[in-house]
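Open the model in your viewer and keep the selection tool at hand. The tour goes from stop to stop.

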Amino acid sequence: LASRCRRLTRLRIANCRFSDTAIEAAARCCPGLVELDYSWNGSGVGNGAVLALAKHCPLLQDLALAGSRVCDSALLSLACACSKLTRLQVRGCHLLTESGIVAAFSRLPLLISLELAQWPHISDASVELLGVHCLHVRHVDLSMC
């Protein structure tokens with residue numbers, strides 16, 4: 001699909017069984033992606049997909065990767081490369097650390113929606129730091145933390 005639809009700007013494949021390879025192909029073939037939701041895709045999606053998005057999709061504004069096996073360094077690469085992100089959902093991404101979350105989100109000045117639900121590593125101090133760095137945030141989901 002991605003190789004044939006190179007003008008694709010929005011892709012929602014949540015709750016499917018795609019791997020990093022599929023997301024990497026979409027990132028390479030669709031550099032104009034502004035919205036991608038690949039939440040809860042089983043255990044197959046992780047750092048490779050996020051790094052491909054960072055490399056190929058600088059226009060990305062809305063990314064939902066809930067339940068993914070993404071780590072701090074990949075999220076930080078994404079934050080540095082995709083500064084237009086306004087919405088980021090990392091619900092249930094248990095490999096992320098508190099310092100990794102704060103470092104990544106501090107590089108996203110346009111962020112208005114942040115979803116950290118089902119993520120047990122959050123502390124009062126990091127919520128305060130997010131408030132300092134993410135000045136435009138209007139929506140925060142910390143449910144089940």
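Is Cys 57 buried or exposed? Select Cys 57 in this predicted model: the residue is buried, with a relative accessible area of 0%.

A disulfide is a covalent bond between the sulfur atoms of two cysteines. The structure holds 0 of them.

Next, select Cys 16 and Cys 30. The closest cysteine sulfur to that of Cys 16 is in Cys 30, and at 16 Å it is too far for a bond. Cys 16 is partly exposed, since its relative accessible area is 28%.

**A glycine in a loop**

Now select Gly 32, in the loop that runs between α1 (20-29) and β2 (35-37). Gly 32 has a relative accessible area of 23%, so this glycine counts as partly exposed. Show its contacts: beyond its neighbours within four places in sequence, Gly 32 touches Leu 8, Thr 9 and Leu 59.

**Two helices**

Finally, select residues 72-81, helix α3, and residues 98-105, helix α4. Their axes lie 8 Å apart, and the packing angle is about 5 degrees. The two helices are therefore roughly parallel. To see where they meet, display Asp 72, Leu 75, Leu 76 and Ala 79 of α3 against Gly 100, Ile 101, Ala 103 and Ala 104 of α4. Sorted by class, this contact has 6 nonpolar, 1 polar and 1 charged residues.

Key. Residues are numbered from 1 along each chain as its sequence is written. This is a predicted model: local features need pLDDT of at least 70, side-chain atom pairs count only at pLDDT 80 or more; totals for chains, interfaces and linings use all residues. Side-chain values use heavy atoms; hydrogens and water are left out. Axes are lines fitted to C-alpha atoms, for helices over the stretch in contact, and angles run from 0 to 180 degrees between N-to-C directions. Helices (H or I, at least four residues) and strands (E, at least two) are DSSP runs, numbered from the N terminus. Angles under 35 degrees count as roughly parallel, over 145 as roughly antiparallel, 65 to 115 as roughly perpendicular and the rest as oblique. Contact means heavy atoms within 4.5 Å. Ala, Val, Leu, Ile, Met, Phe, Trp, Tyr, Cys and Pro count as nonpolar, Asp, Glu, Lys and Arg as charged, and the others, Gly among them, as polar. A disulfide is a pair of cysteine sulfur atoms within 2.5 Å. Buried means under 20% relative accessible area, exposed over 50%, partly exposed in between (1.4 Å probe, protein chains only).
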